[in-house]
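My notes follow in the order in which I looked things up.

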Amino acid sequence: MAGYEQYAADFETLKETASANGSTWLRDVRKDGLAAFERLGFPTKQRGNERWKYTNVAPIARATFAYPFDADADAVTKAALKEQVPWSDDWARLVFVDGRFSESLSTPRDVAGGLQLKSLGAALHSDGDLIREHLGELAPSAEDGFTAVNTAFLGDGALVHLPLDAANDAVVHLIWVTTERVEPIATYPRALIVAGRHSRLRLVESYVGTSGNFTDAVVEMVVDEGAEIEHYRYLAEDDAAFHIGTTRVRVGRDATFNSTSFARGAKIARNDLNVLLDEEGGSCFLNGLYMTSGRQHIDNHIDIDHAKPHTSSDQYFKGVVDGQSRAVFSGRVLVRKDAQKTYAKQSDKNLLLSRGARINTKPSLEIYADDVQCFHGATAGAVADDALFYMRSRGIDEETATTLLVYGFAREIIERVRLEPLRDHLDRLFSGTMAEGRSAAASPQGFTPERDQA
Amino acid sequence: MLEIRNLHVSIKNEEILKGMSLTVNVGEVHAIMGPNGSGKSTLANVIVGRPEYQVTKGTIHYDGRNLLDMKPDERAREGVFLAFQYPVELPGVRNRQFLKAALDAIHEHRGQDALSAREFDRLYKEKVAEVGIDPDLVKRSVNEGFSGGEKKRNEMLQLAILDPRLAVLDETDSGLDIDALKAVADGVNRRRSPDNAMILVTHYQRILTYVVPDVVHVLIDGAIVTSGGRELALELEERGYEWVKEQGLGAGV
């Protein structure tokens with residue numbers, strides 16, 4: 001059994017379990033999700049489908065992933081987790097192990113400054129109205145198969161809510177970790193993030209795993225009037241894993257969404273981000289750094305919708321592509337007729353480390369307004385021979401020289417990270433001092449990363 | 001220390017060095033002068049193993065070992081250094097970090113412990129002051145946004161920190177104002193020691209006002225046509241390279 005039947009059977013089994021039966025509303029949402037999935041399936045058709053043109057998800061559709069009915073929220077220790085994700089003891093966190101909320105790994109839920117940090121299950125009772133208002137609003141099941149099936153299996157998830165005027169200094173870290181299983185599993189991370197008017201929120205999402213599981217994540221974020229979300233997404237899945245991450249953001253009047261994503265790993269990974277600049281004065285800054293090797297495939301697909309005047313968006317992505325891997329940067333910036341005085345910039349730069357590495361980069365602008373400033377550009381190139389020789393002529397071996405150059409290339413994005421523990425984690429990753437071996441840039445001589453002394 | 005015998009080198013199948021020989025002993029400073037296209041830079045680059053340069057004939061021995069068998073980074077770790085005519089920019093690679101990595105590699109090769117961050121810091125600051133390079137500049141990425149003169153000073157900084165046994169300076173004096181030129185000359189003079197040797201590849205006699213070489217060689221059309229003391233450089237400055245050719249000292253003689 002594979003495909004829809006498998007998912008439908010798991011859905012039936014899950015229905016029997018008590019925990020998911022908390023609310024009729026949720027039951028209906030989930031049922032609609034399954035119905036939408038039956039209709040849509042996974043987007044395996046690439047031809048004529050701009051959204052999935054460069055990424056073949058047939059391997060996901062063909063494979064069988066078990067639903068982790070027996071997930072053990074304590075299967076991972078805190079020490080093991082700290083090794084895998086950026087970490088600070090000061091950060092508030094919600095941890096999900098194989099999709100299940102882990103009480104013991106998460107921090108107490110009452111966080112200072114009016115911030116609410118809850119598992120969705122618990123929040124349905126206490127914050128039903130907020131959830132009913134927003135869940136599925138930006139990421140409706142009817143949109144695509146991955147969102148639909150995520151919704152069908154909606155269970156444990158996260159609610160992060162910052163009320164009106166709260167500027168919270170706490171950093172919220174949402175961690176989804178999957179464990180090594182006999183049979184690969186599918187998990188469905190789901191989060192709803194609401195930053196109330198004039199509030200400020202800092203948020204990190206991490207997705208990590210050590211085996212060929214399928215992670216189908218959906219995150220919806222609402223940035224209300226005058227609010228700001230500083231967002232980071234960290235993806236470090238196993239080489240054999242599949243990851244589809246759907247992020248939908250609505251930015252309100254004079255609000256800001258500032259996001260930096262880091263991705264490495266996964267056989268197929270998709271970072272699918274849509275930002276709707278819904279009211280005047282809204283802006284988003286989207287940075288990304290991706291690093292692939294072996295036979296990995298990563299797809300950054302970013303759609304920005306400038307719906308109103310005086311909105312701005314700035315995308316800056318960089319990729320390091322090694323081995324036989326392939327990276328895709330695609331998406332669209334849409335400037336609607338009304339959206340005069342829009343500023344939009346889209347840039348993607350790539351460093352190709354091997355002959356077999358491939359990149360498809362396709363920035364695109366679709367402009368219907370006439371008083372706008374829009375730019376886009378993309379580059380792809382190899383490590384410069386003269387740079388390598390220069391370094392070798394100083395005694396640095398070729399591998400270390402390459403690592404230094406790769407780190408030099410990546411640091412521009414790393415330095416945009418304002419959270420020090422995350423920046424340190426990325427520094428270690430890119431300078432080859434992390435005991436990973438998987439990093440294309442692992443170096444025998446090693447070196448010490450250095451910061452600007454600003 | 002350096003023994004070059006009957007060296008023939010081609011680049012893109014065009015022969016540039018045509019049977020060049022040169023002996024440099026430890027403790028000596030040699031100047032190699034010659035007109036454009038004579039093969040000066042080819043000589044400098046082939047000593048450090050630039051891959052585009054193909055040695056078709058002849059040998060280079062360094063401390064009795066076959067230098068041509070060694071990879072470029074190995075040569076550097078063995079103490080061979082080239083101050084580049086056109087130093088390369090390394091975007092995002094911090095100057096300090098770059099030099100620390102290089103020095104660590106050299107120390108490791110010699111079986112010495114790497115300097116601690118603090119020790120390196122002290123050395124770095126000391127040499128930055130000595131070379132007279134803007135301390136703010138060297139916090140940036142290697143050579144990125146540096147002027148021509150600043151790049152040359154940065155080569156001198158690298159020379160001072162890595163402290164090689166054999167340093168080749170490829171037209172480090174070209175395009176410098178008088179202050180920068182003196183700084184380069186000071187750097188060379190400070191380094192002079194019975195334990196190392198230097199080769200100054202230069203187009204002009206100018207730098208030899210400040211650095212007195214032990215031997216001056218004239219390279220024309222891929223071979224050394226005459227050698228002498230400092231007075232040879234002065235004579236060249238006055239009479240031009242045509243004079244050497246007219247003396248009937250052309251290649252093959």
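Strands count as paired if DSSP finds at least two bridges between them. Helices (H or I, at least four residues) and strands (E, at least two) are DSSP runs numbered from the N terminus.

Before going on, I noted that this is a predicted model, where local features need pLDDT of at least 70, side-chain atom pairs count only at pLDDT 80 or more, and totals for chains, interfaces and linings use all residues. Residues are numbered from 1 along each chain as its sequence is written, while chains are lettered from A and ligands numbered from 1 in the order in which they are written.

**Chain B, sheet**

B:Val168 has B:Ile199 of strand 10 of chain B as its bridge partner.

**Chain B, helices**

Axes here are lines fitted to C-alpha atoms, for helices over the stretch in contact, and angles run from 0 to 180 degrees between N-to-C directions.

How do helix 5 and helix 6 of chain B pack? Helix 5 and helix 6 (178–191) of chain B meet at an angle of about 10°, with their axes 10 Å apart. So helix 5 of chain B is roughly parallel to helix 6 of chain B (angles under 35 degrees get that label). Helix 5 of chain B brings residues including B:Met156 and B:Leu159 to the contact, and helix 6 of chain B brings, among them, B:Ala183 and B:Val184. Residues are in contact if their C-beta atoms, placed from the backbone, lie within 7 Å.

**Chain A, strand 11**

Then I moved to strand 11 (242–251) of chain A: 10 of the 10 residues are buried, so it is largely enclosed by the rest of the structure. Buried means that 20 or more other C-beta atoms lie within 10 Å of the residue's own, with C-beta atoms placed from the backbone. Both faces of strand 11 of chain A are covered, with A:Phe242 and A:Ile244 among the buried residues on one side and A:His243 and A:Val249 among those on the other.

Strand 11 of chain A pairs in the parallel sense over 10 bridges with strand 9 (214–223) of chain A, where A:Thr215 stands opposite A:His243. Strand 11 of chain A also pairs in the parallel sense over 10 bridges with strand 13 (268–277) of chain A, and there A:Arg250 has A:Leu276 as its bridge partner.

**Chain A, domains**

I noted domain 1 (3–279) and domain 2 (386–454) of chain A, with bounds from an automatic or database domain assignment. Their centres, taken over C-alpha atoms, are 31 Å apart. Nine residues of domain 1 of chain A contact nine residues of domain 2 of chain A.

**Between the chains**

Last, I looked up the contact of the two chains, which takes 23 residues from chain A and 28 residues from chain B. Helix 9 of chain A gives the most to the chain A side, with eight residues.

Technical notes: A residue is buried if 20 or more other C-beta atoms lie within 10 Å of its own, exposed if 12 or fewer, and partly exposed in between; C-beta atoms are placed from the backbone. Angles under 35 degrees count as roughly parallel, over 145 as roughly antiparallel, 65 to 115 as roughly perpendicular and the rest as oblique.
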